[in-house]
Amino acid sequence: MNRNLALRRALDAIAHLDDPQPPWKELLQSMQQVIGGDSATFILLERGSELLSFQQVNVSPAAEREYVQHFCAHDILIPPTLGAAPGSWFDTHELFSPAFLSKNLYYADFMCRHGARQMLACVVDEGPQRRGGLTVQRSTAAHARRLLDSTRIRRVTQALRHGLARRDERARLWLGGAESALAAFGEAVLLVTPAGTVLRASAGAQEFFGTSRLLRLRGQRLWHPDAQTQQALAAGLRLAAQSRQRVCLPIAGGSAGLQELEMARAAPQLSLGEEALVLARIRLGRSQAAPSTDGLCSAFGITPAEARVLAALVAGQSPKQHAGAQSVSVHTVRSQLGSLMAKMGCTRQVDLVRKALLAP
């Protein structure tokens, strides 16, 4: 394709990055053509190295699978780009010597095997919690600094920075409106990754985490000291991100009693690329009842006693705690757990909680 036409396509895609459904794929395709590469990827990392999103054009399913499952942790472009300003371009042919590349497993065993002998990468986002980069792969390696410093690339890079800034501002306004509206009802708002890292917390949420309540932040991740509750929280975040269903989770809040955390997949305009973020709200100052035992009995064909055990797990209680609360032996509760797993087709307590969260 003519590179001037590709440039116009890239600029058009960038102009729509703040749309409800941003054209990320069109941006990747046009950037690949502007640079003159064979494939392109958008990679988003959480907390430095954990993969949040991997989007690509003209990359084989085998290469994508290998990268996600193993090679992301060995990506040679991650260390040298750390801390670089958005809009900075990097070239593997410039960063590393031929001798280094010939001995590097990521380059020799992954890149070259999949026909990528050179990567040209632009830092798209560099924040305290996540970083993102757009990379164009080439099947042959050659000096590219003159291309990267050209007027055409500077123009599209500047447009990309402005487009992403515009998108971020639109997202901030959207979140600000949601926070103000829900604050009137005594509710706090969070924007969270599926792993529990909080990217944005409303003033009410910051105040909530600043108190002595049990649900709080540890290293910017949602954390609860009770292991069962932490498992339920992790399962709820994954469900909300993957299933697009609303998930409600009662969480013990210390002296404040039970709090309810309601989670749903965030709108696409709040994400970078195809990452799945979760919009969560904390219902403050409310006393929440345990899940209805009648509803659980009806949904899963279990007995009232088993339903009480399941509701206790969802509320974050351990089998021992539930046994004490019901004045029964822990062996009885464990027997009921075994029956629940058989009836609900589960092998772990966290799977029981996951199914209960999705119960009608």
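**Exercise 1.** Which residues have the most contacts inside the largest nonpolar core, and how many residues has this core?

*Solution.* The model is predicted: local features need pLDDT of at least 70, side-chain atom pairs count only at pLDDT 80 or more, and totals for chains, interfaces and linings use all residues. Residues are numbered from 1 along each chain as its sequence is written, and side-chain values use heavy atoms, with hydrogens and water left out.

Step 1. A nonpolar core is a set of buried Ala, Val, Leu, Ile, Met, Phe, Trp, Tyr and Cys residues joined through side-chain atoms within 4.5 Å; buried means under 20% relative accessible area (1.4 Å probe, protein chains only).

Step 2. The largest such core has 45 residues, and Leu-190, Met-263 and Leu-310 have the most contacts inside it.

Step 3. Apart from this core lies another, of 31 residues, including Met-31 and Ile-153.

**Exercise 2.** State at what angle helix 15 and helix 16 pack, and classify the arrangement.

*Solution.* Step 1. Helices are DSSP runs (H or I, at least four residues), numbered from the N terminus.

Step 1. Angles under 35 degrees count as roughly parallel, over 145 as roughly antiparallel, 65 to 115 as roughly perpendicular and the rest as oblique. The two helices are therefore oblique to each other.

**Exercise 3.** Identify which residues of helix 15 meet helix 16.

*Solution.* With contact meaning heavy atoms within 4.5 Å, Leu-337, Leu-340, Met-341 and Met-344 in helix 15 meet Gln-349, Leu-352 and Lys-355 in helix 16.

Conventions. Axes fitted to C-alpha atoms, helices over the stretch in contact; angles between N-to-C directions. Buried < 20%, exposed > 50% of the residue type's maximum accessible area, 1.4 Å probe, protein only.
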